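Take a look at the fold below.

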Amino acid sequence: MRVTLLGTGDTTGTPTVGCDCDTCAAARERGVSRSRFSVHVANERTGESLLVDFSPDFRSQFLDNDVPLPDAGIVTHIHFDHLDGLGNVYRLVDGLPVHAPSETDPATDESVAETIRSKYDYLEDRIGVHSRDPFDPFESCGFEVRFVPVDHPPLLCYGVVIEDPETGAKLSLTGDTSYDVPERSRDALADADLLLADAIVPASLCDHHPIGGRHEGPDGVPRTFGSKHMTREGALALADELDADRTRLVHLAHFYPPDEAFEEPLAVDGEVYEL
């Protein structure tokens, strides 16, 4: 399993357009980027590849990285920075299976799969949308894949577990989530060779959020920024609880102070891992 981090940033990315903050300036000086979230997972046994989320930066991500176009895709939730890149597959692929959760979201009155079908109806001859029940494993690109519910109000959102049944390699992605990940989902995400964990900002910035931080640890440090995303400290605490062999923090905002923004284990675009 070859994992390429195509996009490791939040909804505006780093550098952020029009921003001259010290962190964006440091990213430009270093020549690094955190574009909107997307992960490419190649099965080196079968020669196929799976794309986790369709970033709006799809075109530049595939031009900048030595990866093939996907043979299948999965979508964790319907926020634009995880879905709107799907339109880029027009004229690039033919018959692309797209897997998405089947649960009806009370906030939208439809499932993620149904939203994709309606929003991208013009791609109906290019993609096939497959509804998948949470926790139920399905096969894609020679991998066993599962969606696991997480906590990203007000929408339903899902983490992903991808395993190679031949080698036992395991990749876990928390998806966009607060620290309040359900216990059953934690069990599914546990013991990964590589964990990609949402860590939008350091906990020190919770004072700047309108509702502050939540899910404080024993030291009083918030593990959730507002209600939707984990802090760096929350993501690292979750990784420790899940006993991940290796953790990379993703979905990172440009609000990290420049002296912290590029420290381990914060990821940048283009990182590659062999599992």
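**Salt bridges, sheets and cores**

Arg 45 has 41% relative accessibility, so it counts as partly exposed. The classes are buried (under 20% relative accessible area), exposed (over 50%) and partly exposed in between, with a 1.4 Å probe and protein chains only. This is a predicted model: local features need pLDDT of at least 70, side-chain atom pairs count only at pLDDT 80 or more, and totals for chains, interfaces and linings use all residues. Residues are numbered from 1 along each chain as its sequence is written, and side-chain values use heavy atoms, leaving out hydrogens and water.

The side chain of Arg 45 meets that of Asp 164 in a salt bridge, 2.8 Å from N to O. Such a bridge needs a side-chain nitrogen of Lys or Arg within 4 Å of a carboxyl oxygen of Asp or Glu. Arg 45 sits in the loop between β2 (38–43) and β3 (48–52), and Asp 164 in the loop between β9 (158–163) and β10 (170–173), so the pair ties together parts 119 residues apart in sequence. Helices (H or I, at least four residues) and strands (E, at least two) are DSSP runs, numbered from the N terminus. Asp 164 is buried, at 3%.

The structure holds eleven salt bridges. Another one joins Glu 241 to Arg 186, with the closest N and O atoms 2.5 Å apart. Glu 241 lies in helix α6 (residues 232–242) and Arg 186 in helix α5 (residues 183–189), 55 residues apart. Glu 241 is partly exposed at 42%; Arg 186 is buried at 11%.

Now the sheets. Six strands form an open, mixed sheet in the order β7-β8-β9-β10-β11-β15. Strands count as paired if DSSP finds at least two bridges between them. β7 (138–140) and β15 (247–250) each have a single partner strand, so one side of each is left without a neighbour in the sheet. β7 runs antiparallel to β8 (residues 143–149), joined by three bridges. Phe 138 stands opposite Val 145 in β8.

Which residues touch the most other members of the largest nonpolar core? They are Leu 86, Ile 116 and Ile 162, in a core of 47 residues. A nonpolar core is a set of buried Ala, Val, Leu, Ile, Met, Phe, Trp, Tyr and Cys residues joined through side-chain atoms within 4.5 Å. Beyond four places in sequence, the contacts (heavy atoms within 4.5 Å) of Leu 86 include Phe 54, Val 98 and Ile 127. A second, separate core has 29 residues, among them Val 150 and Tyr 179.
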